[in-house]
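Here is a friendly walk through a structure, with the coordinates open beside you. Have a look at it first, and then we will go through it piece by piece.

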There are 2 protein chains.
Amino acid sequence: MRYSNATNYALHTMVHLMLQPEDSAVGVQELAEMQHLSPTYLSKILTKLAKAGLIESTPGAKGGYKISRKKHEISFLDVIHATEGDTSLFDCSIHHEGCLIENVMRQAEENMKAELKSKLLINIAKEAEAKQK
Amino acid sequence: MRYSNATNYALHTMVHLMLQPEDSAVGVQELAEMQHLSPTYLSKILTKLAKAGLIESTPGAKGGYKISRKKHEISFLDVIHATEGDTSLFDCSIHHEGCLIENVMRQAEENMKAELKSKLLINIAKEAEAKQK
DNA sequence: ATATTAAAGACTCTTAATATCTTTAATTAA
DNA sequence: TTAATTAAAGATATTAAGAGTCTTTAATAT
């Protein structure tokens, strides 16, 4: 069981966009080159992020992607949710409800998600920026 | 991203084996019927559990599977590890080491695994037993 | 009107999970 | 020692999801 590559790319793209000057859009071309991906593939991922309201896209010349307004509220979980969907790590396919095993698994998952919700991307972006200098 | 069905079956099988009288082996036939699985398929899962030392198998007449000695030490994580392997939920395929994003993801995973390590199957088995009465 | 860029859809390729079947090896009981 | 029983192992088939490409369409700026 592993998070998809798409989630990895999405997280890195988000951090990159957070480090851009205010109101400057970045094209998929540039974002794709940075991560050695094909633009069409990354485009799929970016569209997911846009649909989740995490980034804004504008087509046409001088268009591209930029982070959505609420930059300081975006968590790891937000991004993961956008790329992975909101499926559970564990479903008991045997019992219809009240499975004791499922309860334990769900609780562990909840706690992990709570942690990932508390981790904001902006902090990683700042750390990355500081590291580079 | 989801844990495999095999993990679900493995957890339920383990709980079932824990509720058996001491030293009585259960054949794959019975275990498979209980979960509406084909014996050959469940057999694969059981072999993994056996290799991980969680259950013991004896071939031949009157053979079958029984829980290993250290019944009171077996955690959810032990079973998950047996069926899923010890892969990480997240690998940053871009950075070779010290990826800030990976660090956050790994920490969250560690915490979840710590929780699953603290949850013992024997307690679920006892709960299930009490529930039935 | 033209160039640019994102979105959407169809499609291919690869990989992992799921599952079955057959053969082999080990154990018990007659 | 033979027959019946049961797990292990290997080969193989099927399915589903992820990864990735290509083409067409729609929106925007100059």
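Which residues are the closest to DNA strand C? They are A:S57, B:S4, B:N5, B:S38 and B:G60, among 26 residues that surround DNA strand C.

## Before we start

This is a predicted model, in which local features need pLDDT of at least 70 and side-chain atom pairs count only at pLDDT 80 or more, while totals for chains, interfaces and linings use all residues. Residues are numbered from 1 along each chain as its sequence is written, and chains are lettered from A and ligands numbered from 1 in the order in which they are written.

## The DNA strands

A residue is near a strand if its C-beta atom, placed from the backbone, lies within 6 Å of it. For DNA strand C, at least two residues of the nearby surface come from each of α3 and β2 (64–67) of chain A and α1 (5–18) and α3 of chain B. Helices (H or I, at least four residues) and strands (E, at least two) are DSSP runs, numbered from the N terminus. The element that gives the most here is α3(A), with five residues. By class, this surface has 10 nonpolar, 14 polar and two charged residues; Ala, Val, Leu, Ile, Met, Phe, Trp, Tyr, Cys and Pro count as nonpolar, Asp, Glu, Lys and Arg as charged, and the others, Gly among them, as polar.

Now turn to DNA strand D, which 26 residues surround, the closest being A:S4, A:N5, A:S38, A:G60 and B:S57. On this surface α3(B) gives the most, with five residues. The residues divide into 10 nonpolar, 14 polar and two charged.

## How the two chains are related

Chain A can be laid on chain B with an RMSD of 0.0 Å by a turn of 180° and a shift of 0.0 Å along the axis (copies are superposed by least squares on the C-alpha atoms of residues with pLDDT of at least 70 in both). The two copies are thus related as by a two-fold rotation axis. To find that axis from chain A, look for A:M112, whose C-alpha is the nearest to it at 2.8 Å. Both copies use the same surface, as 100% of the contact residues of chain A recur in chain B.

## Helix against helix

α5(A) packs on α5(B) at an angle of about 155°, with the axes 9 Å apart; axes are lines fitted to C-alpha atoms, for helices over the stretch in contact, and angles run from 0 to 180 degrees between N-to-C directions. That makes the pair roughly antiparallel (angles under 35 degrees count as roughly parallel, over 145 as roughly antiparallel, 65 to 115 as roughly perpendicular and the rest as oblique). The residues in this contact include A:M112 and A:L116 of α5(A) and B:M112 and B:L116 of α5(B).

In another pairing, A:I124, A:E127 and A:A128 of α6(A) meet B:L100, B:I101 and B:V104 of α5(B). By class, this contact has five nonpolar, no polar and one charged residues.

Methods: Two residues are in contact if their C-beta atoms, placed from the backbone, lie within 7 Å.
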